[in-house]
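User: I am new to this structure and would like to find my way around it. Could you take me through some questions?

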Amino acid sequence: MSFHYEIRLSGAGGQGLILVGKILAEAAAIYDDKNATQSQSYGPEARGGASRSEVIISDGDIDYPKATNIDLLLAMTQEAVDKYANDIKPDGVIIVDSGFVKNNPKGDFKLYSFPITEIAEEKIGKKLVANIIALGVIEKLSGIISEEAIINAIRARVPKGTEEINIKAFKQGRDLL
Amino acid sequence: MKPRTYMMQGNVAVAEGAIDAGCRFFAGYPITPSSEIGETLSKRLPEIGGKFIQMEDEISAMGAVIGASLGGVKSLTATSGPGFSLKQENIGYASITEVPVVIVNVMRGGPSTGLPTLPSQSDVMQARWGTHGDHPIIVLTPATVRETYDMTIQAFNMSEKYRVPVILLMDEIIGHVYEKVTLPNIDELTIINRKKPTCSAQEYLPYIADETLIPPMANFGEGYRYHVTGLVHDETGFPTNKTDQIEVMLNRLNSKLDKYSDEIIQYEDTFTEDAKIGIVTYGSSARSSKNAMRKAREQGIPVGMIRIQTLWPFPTERIYEFGRQVSHIIVPELNLGQIAHEVEHAVKGAAEVVPVNKINGDPIHPEEVLLKIKECI
């Protein structure tokens, strides 16, 4: 079986999960020369409502672009973790923001809990970069995309002028482990 | 030239394909899940001397692209379900006046404003028959980001060559998915431009065609003055009520694509050679089906798939042949069986047609198709 890795990023609209998906997919596909797809699912609201972004990384063709057997789940709300914890592979990884997730899921997976949004505010001074801190955690725990590729993709994808603060947030996320 | 490799979204591929096809005018009104097409072109078109207009609504946007095309500029509009409904009257106008235009409909769940952000394939019949009256239309449907780029170029080529509105019918998954694409170099592309008159302006009859059935088209503003109307017209472009002239005009209009069906109709066969169970599908449902087919093949089940790329005109002959080869044809689609009916019509009872339908905003999962495949053994 060829290499195939599925990531689901879930939470609320406005938490920047679709951007994290794009960065992960671009890092894998463009800077690490693998194949990747990123898809998304969200409601009609600009903020709030459930938001989900999925990234599939493979060394072969990706036909179905949605996650069905998840290797890594990021859940930034209680609702997200309640809804998706069951879709995880045996021995998969779940990362939760302990600021929002009070009831941890139980099952056959490895759970990592950090106050991601709180750290963003305290260490970086901006709640907004919680998604990029989560990205650092994902990079470290998945081990499938190089740090350099992600930094390149961050530079390419975040708004101009915010590159350094985002890279700082990414490194902050990596340092949590 | 360095390879053009990007992580690209389906909707952005429409915009880039349009630009590479020579499109220099876009008019539209933003609507999810198609908005990124207009958003991208609002930035890209002015950079290369093109024009972008956000109109007051979808109806006027359709009118604007017809007008721009009459002026000689390749033109695009993009919308989704409710906006597609509003465009129908003017799509008929483009059809009868034979003005080349490309309309993108990134489908969402309906009816009405329906499900703005969720995938659906329920505008298949509207794309064919949404505007009233017998009329020619071409509807293309892509399944990957790269194919979306290629098909946008084809859509322009076909609309220019046959003077017909071409609809690029996408679903939300293909419109929004990001994939790695390597685009061809511009000089490798085949670009077709409309045939222009060779006669003088005084001799020009806008609606007289030779054996190609496609009349040459003069640009407005170049001295070839002529009348454009949605009424049935004679070869001068002025309205007619004479049955013999009506017959000539409407017969040519409705048969002009038949002459070219071999070059218009496209589909992709995968594992059909030894197939005993068939799948016929399109768009994102084809990706779910391909995944299911691979799993079935791993279990030794001889499944083959035809992925339809040209929904209209429908590949009736190929589906008929396929029906005589296989016992069942499974038709997964995100609607209540719009193409399944067409498949049924094409196979004439030779195979059992098994629809797989879903309209709850969730894509068809590969497992659901796999289950149907197993039921057909």
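This is a predicted model: local features need pLDDT of at least 70, side-chain atom pairs count only at pLDDT 80 or more; totals for chains, interfaces and linings use all residues.

User: How far apart are the centres of domain 1 of chain B and domain 2 of chain B?

Analyst: Let's begin with the bounds: the domain assignment places domain 1 of chain B at 4-188 and domain 2 at 268-375. Taken over C-alpha atoms, the centres of these two domains are separated by 26 Å.

User: What is the N to O distance in the salt bridge of B:Glu179 and B:Arg287?

Analyst: Across the interface of domain 1 and domain 2 of chain B there are two salt bridges. A salt bridge here needs a side-chain nitrogen of Lys or Arg within 4 Å of a carboxyl oxygen of Asp or Glu. The side chains of B:Glu179 and B:Arg287 meet in a salt bridge, with N to O at 2.6 Å.

User: Which element gives the most residues to the side of chain B that touches chain A?

Analyst: In this contact, 23 residues of chain B meet 23 residues of chain A. Strand E1 (4-9), H7, strand E8 (178-183) and helix H10 (283-298) of chain B each supply at least two residues to that side of chain B. The element that gives the most, with five residues, is H10(B).

User: Which residue of chain A forms a salt bridge with B:Arg294?

Analyst: Chain B and chain A have two salt bridges between them. For B:Arg294, the closest N and O atoms are 3.0 Å apart, and the partner is A:Asp63.

User: Which residue in E8(B) stands opposite A:Gln38?

Analyst: Strand E2 of chain A (residues 35-42) and E8(B) run antiparallel and are joined by two bridges. Among the residues of chain B, B:Met7, B:Tyr178 and B:Lys180 supply 34% of the area that chain B buries against chain A. In E8(B), the residue opposite A:Gln38 is B:Tyr178.

Notes:
Residues are numbered from 1 along each chain as its sequence is written. Chains are lettered from A and ligands numbered from 1 in the order in which they are written. Side-chain values use heavy atoms; hydrogens and water are left out. Domain bounds come from an automatic or database domain assignment. Contact means heavy atoms within 4.5 Å. Buried area is the accessible area (1.4 Å probe) that two parts lose on being put together, summed over both. Helices (H or I, at least four residues) and strands (E, at least two) are DSSP runs, numbered from the N terminus. Two strands pair if DSSP finds at least two bridges between them.
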